[in-house]
Amino acid sequence: MSEQDLAEEQEDVGAVEPVPGELSAPPEPGDGLGGSENVLPEDVLPGEAAVNRAARRSLDGDSRGLSRIWPFLGPAFIAAVAYIDPGNFATNIAGGAKFGYLLLWVVLGANLIAMVVQTQSAKLGIATGRNLAEACRDSFSRRTSIGLWIQAEIVAAACDIAEVVGAALGLNLLFGIPLFPAGLLAGVGAFAILGLQQKGFRRLEAVIVGMVGVVVAAFGFEVFESNPDGAQVVHGMFVPGFQGTESILLATGIIGATVMPHVIYLHSALTQRRIVGRNSEERRKILRFEKIDVVIAMALAGAVNLSMMIMAAALFHGSGLVGIATIDGAFDGLKQVVSPSAATIFGVALLASGYASSSVGTMSGQVVMQGFIRRRIPIFVRRAITLAPALIVLAVGLDPTDALVGSQVVLSFGIPFALVPLVMLTRRRDLMGSLASPGWLTVVTSVLSGLIIALNVFLLEQVFIG
C-alpha cells in the first residue's frame, strides 16, 4: 500500500457516519482530520438540515445540474463582501480618476490572488473541521496564539471602523443625515442583519448575497452610463504599465489591501462543518464545489472593483476631474458629470456595501476569539463594543476618507499574521490529509503571500516615512 493510500485510510478510521437527513457529526479527535472539541460553527452561523440533505444527495450523485451545486454556494459570497467594502471604493475611484484605465490590470491581478487565498482558507476548514484560528491555537504555543488573537482583534476592530464609517457616509450622502446619527443607524442595520443568524445561515447568506447583488447592479449601471472606451478597457486589463511613482504607490495600495486578514479566518469557519465529508473522497468533492463558489463570488467582487475604476476613468479622468480621491468627491462628481440619479445609485451601493461588510467584520471577530482563546461573547454584545470606536471617529469629526485610509493601514499590519500560518498549515499532510497542498501550490501561495506582504511593508513605509 502506498503512503498516500495509507494516509487516506487512516483519515477515514473513526469517521462518523451521519444519520441520513440529519446534520453530519463532526470528526472525532484522533481521526487524522484534526477533529476538534470546540464549539460547533453552527454557534457562529446556525446550520440548516435542509442544506445538509441537499448536499448529501449531491455527494451521493443523486442530484444533477444546478441543484448539485447550490447547497455548497454561499460561504465565498460572505467572504467576498470584504473585497467590495467601502475601503475599496476610494482606492479604485482614485486610481481611475488619476490614471484612467492604466491600473485595471492591477485590479484584475489582485482579484486572481484573492481567489487563491480564499480557496486555501476554505480548504483548511473542509479538510480539518477547524477554522484557521483553531488550527493556529492547536499548532502553535500559547504565547503565539495569544499574540495572534490580540492582533486579529485589532484588525477586526479596524475593519469595523471602515465599514460603519462607509455605511454612515452612504446615509449622509443619500439623505443628508449627519455622520454621527448616521453611524448609529448603520449600527442598527448591522444588528438586524446579524439577527438573521438565529434563522439559519442560509437566510443570512441570502441577505448578504442580495446586498452584493445591489452593488453589482449599481456599478453595472454606472459603467453603462459612463460609456467607457472598450479598447482602452481591454488594454488596461491585460497590458501592465505605470506612469510615475504615484501610480506605483497606488497600485501597491490596491494589491496590498486586496487580501483582508479577517475574512481568511472567517472563510475557514464558514466551511469547517457546514457540510462534513464522511471520507477523503467526499471532502475532495466538497472542495471542488467550494472552488466553484469562490470563483463565482470573487469574479463578481472583481467585476465590481473593475467597474469602479472603469467608471472613474471614463467619467472623471476623461472630463479632467483627475483630483477626485474621496467617496464624497465621487458622489459629487457623478452629480456633475452624469446626473443626480447616478449619484444616488452610487450612494445606495456604498450603503449596501457598508451594511454587509459590517456584519461580516463582526462575525470574523467572533471566530477569532472563539478559535484562539476558547472564549465567546454574545454576538450582539460584540457588535455593540466594536461599534464604539467607529462612533467615536464620527463624533470627533474625523474625515471619513481619512478614517477609511487609516483602517486600511491597520489591516495591512494583520495580513502576514493570517497568510503565513495559512500557508504553513495547508501544506501539512498530518493535518490536511489528502487535501494537503502539493509542493507547487505551496510555492505559488508562498510567492503570492511574500508579494502581498512586501507590498504592504512598502505601503506602510510610504505612509509613515515616505
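The model is predicted, so local features need pLDDT of at least 70, side-chain atom pairs count only at pLDDT 80 or more, and totals for chains, interfaces and linings use all residues. Residues are numbered from 1 along each chain as its sequence is written, and side-chain values use heavy atoms, with hydrogens and water left out.

**Salt bridges**

- There are seven salt bridges, each being a side-chain nitrogen of Lys or Arg within 4 Å of a carboxyl oxygen of Asp or Glu.
- D138 forms a salt bridge with R130 (3.5 Å, N to O) and another with R137, where the closest N and O atoms are 3.2 Å apart.
- R130 is buried at 11% relative accessibility and R137 is buried at 10%, whereas D138 is partly exposed at 37%; buried means under 20% relative accessible area, exposed over 50% and partly exposed in between (1.4 Å probe, protein chains only).
- R56, D60, R278 and E282 are linked in a network of salt bridges.

- Helices are DSSP runs (H or I, at least four residues), numbered from the N terminus.
- E153 and R382 meet in a salt bridge of 3.0 Å, N to O; this pair links helix α8 with helix α17 (residues 379-395), 229 residues apart.

Note on methods:
Helix = DSSP H or I, 4+ residues; strand = E, 2+ residues; numbered from the N terminus.
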